[in-house]
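Below is a short report on a protein fold. Please look over the sequence and the model, then read on.

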Amino acid sequence: MYERVLVAVDLDDTLGSRILMRRAAEMAGETGARLTLVHVRPDLPHSYSRALPDAWDLEQQEAAERELEGLAGSHGCGASIDGVFAPAGGIAREVNAIAVKLDIGAILVGAHRMDLGRMVLGTQTTAIARDAPCDVVVVRAEEPGD
């Protein structure tokens with residue numbers, strides 16, 4: 001169905017990342033889709049970045065990319081990975097820009113849970129879906145016992 005799938009991973013959400021990667025691995029296994037993993041890092045204010053060592057941002061980017069590669073490997077889809085990216089900036093803007101640049105067929109993104117236990121789309125998921133250049137597949141968080 002989709003030849004190239006971008007998986008928008010929040011590395012700070014361990015459970016959500018596992019659920020999303022399990023679904024990405026299933027998709028790659030069933031359809032042969034090639035996966036690109038993306039984690040968007042927060043963009044630091046310039047006043048903060050001036051106080052950090054010159055190589056700090058590159059080190060953070062490389063660490064996040066290694067974590068994405070490890071996540072893919074631990075879910076058995078390392079061979080399906082076309083690339084990993086960890087840019088800094090606005091989440092929706094960066095995810096959609098990479099999707100355009102790589103001619104992605106679908107973006108796989110997680111839904112977020114509200115305190116009341118209802119499933120809703122988070123603001124970043126909504127923004128990605130609204131501006132995406134392709135289909136967006138929203139993966140819901142699983143209930144315990146699913």
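In which helix does A64 lie? A64 lies in helix α3.

## Basis of the report

This is a predicted model, in which local features need pLDDT of at least 70, side-chain atom pairs count only at pLDDT 80 or more, and totals for chains, interfaces and linings use all residues. Residues are numbered from 1 along each chain as its sequence is written, and side-chain values use heavy atoms, with hydrogens and water left out.

## Overall fold

The protein has five helices and seven strands. Helices (H or I, at least four residues) and strands (E, at least two) are DSSP runs, numbered from the N terminus. Along the sequence, the pattern reads β-α-β-α-α-β-α-β-β-β-α-β.

Of the 146 residues in the protein, 40% are buried. Buried means under 20% relative accessible area, exposed means over 50%, and partly exposed lies in between (1.4 Å probe, protein chains only). The accessible surface comes to about 8400 Å², and carbon and sulfur atoms hold 51% of that area. Accessible areas come from the Shrake-Rupley method with a 1.4 Å probe; for residues, only the protein chains shown count as cover.

Contact means heavy atoms within 4.5 Å. Among the contacts with a separation of 6 or more, 73% involve residues 24 or more positions apart.

## The sheet and its helices

Five strands form an open sheet, in the order β3-β2-β1-β4-β7, and the pairing is parallel. β3 and β7 (135–139) stand at the edges with a single partner strand each, so one side of each has no neighbour in the sheet. From one strand to the next, the twist averages 20°. Two strands pair if DSSP finds at least two bridges between them. Strands of a sheet pair through backbone hydrogen bonds, either parallel or antiparallel.

β1 and β4 pair in the parallel sense over three bridges. V7 has L108 as its bridge partner in β4. Helix α1 packs on the sheet and touches β1, β2, β4 and β7. The direction of α1 makes about 150° with that of β4. Helix α4 (residues 91–101) lies across β1, β2, β3 and β4, and runs at about 165° to β1. Axes are lines fitted to C-alpha atoms, for helices over the stretch in contact; angles run from 0 to 180 degrees between N-to-C directions.

## Nonpolar cores

A nonpolar core is a set of buried Ala, Val, Leu, Ile, Met, Phe, Trp, Tyr and Cys residues joined through side-chain atoms within 4.5 Å. The largest has 27 residues; V5, V7, V9, M21, L35, L37 and L108 have the most contacts inside it. Two or more residues each come from β1 (4–8), α1 (14–31), β2 (34–38), α3 (56–74), β3 (81–85) and β4 (106–110). α1 gives the most, with seven residues. A second, separate core has 16 residues, including L6, V40, A92 and V95.

Which residues does V5 touch, not counting those up to four places away in sequence? They are M27, A33, R34, L35, T36, I104, A106 and L108.

A64 is buried, at 7% relative accessible area. Not counting residues up to four places away in sequence, A64 touches L11, H39, R41 and A86. A64 and H39 are 25 residues apart in sequence, yet 7.3 Å apart in space, C-alpha to C-alpha.

S17 lies in helix α1. S17 is buried too, at 5% relative accessibility. Leaving aside neighbours within four places in sequence, S17 is in contact with V9, D10, L11 and L71.

## Salt bridges

The whole structure has six salt bridges. A salt bridge is a side-chain nitrogen of Lys or Arg within 4 Å of a carboxyl oxygen of Asp or Glu. D82 pairs with R4, with the closest N and O atoms 3.7 Å apart. Salt bridges with shared partners join R4, R34 and D82 into one network. D82 is partly exposed at 40% relative accessible area, R4 at 27% and R34 at 29%.

R41 forms a salt bridge with D57, the closest N and O atoms being 2.9 Å apart. R41 sits in the loop between β2 and α2 (46–49), while D57 is in helix α3. R41 is buried, at 8% relative accessible area, whereas D57 is partly exposed, at 36%.
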